[in-house]
Amino acid sequence: MPYNISTNDFRPNTEGKHLIVDFYKCAGIEFNMNELSLLKLYGVLRKAIRLTGLNIIDFLDFNYGGKKYSIIFLLAESHFAVHIQLEECFVSFDIYICGDIDLTKTLDALKEYFKPKYSMQELITRGSGLTTRFKSEIL
């Protein structure tokens, strides 16, 4: 029998936030990424994640060849993924957090480091039985 999401019986107590952020024309990206600049980047990302009180369990990184990287942090609260395209000076974030956690400090630290000329973000509330979306453009 399918669930009826309009009833209170369906709405679980599993609400989470799914934040999708794109940074364009980032002045803070080092175009010639090397081992030292990658270590600096990992440090910045870890600090930004911990500013909000999130707990890092592990991380994985991958170079797609050339100047494209992904770094994924497994968090006690869910996940934090970063995708970087150096040629385009573009960085995207996919952050899913269980619970009611304010990500403002994390986003502020990321903006300070990457220095995007433009950014777009979309916040999706998930797990409450109803999905709420909020989009914004930051110049």
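Contact here means heavy atoms within 4.5 Å. On that basis, and leaving aside neighbours within four places in sequence, Thr106 is in contact with Ala48, Ile49, Thr52 and Phe80. The structure is a predicted model.

The overall layout comes next. The protein chain has 2 helices and 7 strands. Read along the sequence, these elements follow the pattern β-α-β-β-β-β-α-β-β. The chain comprises 139 residues, of which 40% count as buried. Among contacts with a separation of 6 or more, 57% come from residues 24 or more positions apart.

Thr106 belongs to helix H2, which covers residues 104–114. Its relative accessibility is 1%, so Thr106 counts as buried. The side chain of Thr106 reaches the backbone oxygen of Ala48 at 2.6 Å. Ala48 is also one of the contacts of Thr106, as is Phe80.

Outside the four places on either side in sequence, Phe80 is in contact with Leu45, Ile49, Ile71, Ile72, Phe73, Leu75, Phe93, Asp94, Ile95, Thr106 and Leu110.

His79 is placed in strand E4. With a relative accessible area of 25%, His79 is partly exposed. Beyond four places in sequence, His79 touches Phe73, Asp94, Ile95, Tyr96 and Ile97. One of these partners also makes a polar contact: the side chains of His79 and Asp94 meet at 3.1 Å.

Strand pairing was examined for E2 and E3. Strand E2 (residues 56–63) and E3 run antiparallel and are joined by 7 bridges. Within this pairing, Phe62 has Ser70 in E3 as its bridge partner. The hairpin of E2 and E3 has 4 residues between the strands, and Gly65 in this hairpin takes a positive phi near 95 degrees.

Positive phi values also occur in residues other than glycine. Lys25 has phi near 50 degrees. This residue is found in the loop between E1 and H1. Lys115 has a positive phi of about 55 degrees and is not a glycine. Its place is the loop between H2 and strand E6 (118–126). Lys115 has a relative accessible area of 47% and is therefore partly exposed.

A search of the whole structure finds 1 salt bridge. The pair is Asp100 and Lys17, whose side chains meet at 3.5 Å, N to O. Asp100 lies in the loop between E5 and H2, whereas Lys17 lies in strand E1, so the pair ties together parts that are 83 residues apart in sequence. Asp100 is exposed, with a relative accessible area of 73%.

Cysteine pairing was checked last. A disulfide requires two cysteine sulfur atoms within 2.5 Å. The count comes to 0 disulfides. For Cys26, the closest cysteine sulfur is that of Cys89, at 7.0 Å, which is too far for a bond. Cys26 is buried, with a relative accessible area of 3%. Cys89 is partly exposed, with a relative accessible area of 27%.

Technical notes: Residues are numbered from 1 along each chain as its sequence is written. This is a predicted model: local features need pLDDT of at least 70, side-chain atom pairs count only at pLDDT 80 or more; totals for chains, interfaces and linings use all residues. Side-chain values use heavy atoms; hydrogens and water are left out. Buried means under 20% relative accessible area, exposed over 50%, partly exposed in between (1.4 Å probe, protein chains only). A polar contact is a pair of N or O atoms within 3.5 Å; within protein, one must be able to donate a hydrogen and the other to accept it, and residues adjacent in sequence count only if both atoms are side-chain atoms. Two strands pair if DSSP finds at least two bridges between them. A salt bridge is a side-chain nitrogen of Lys or Arg within 4 Å of a carboxyl oxygen of Asp or Glu.
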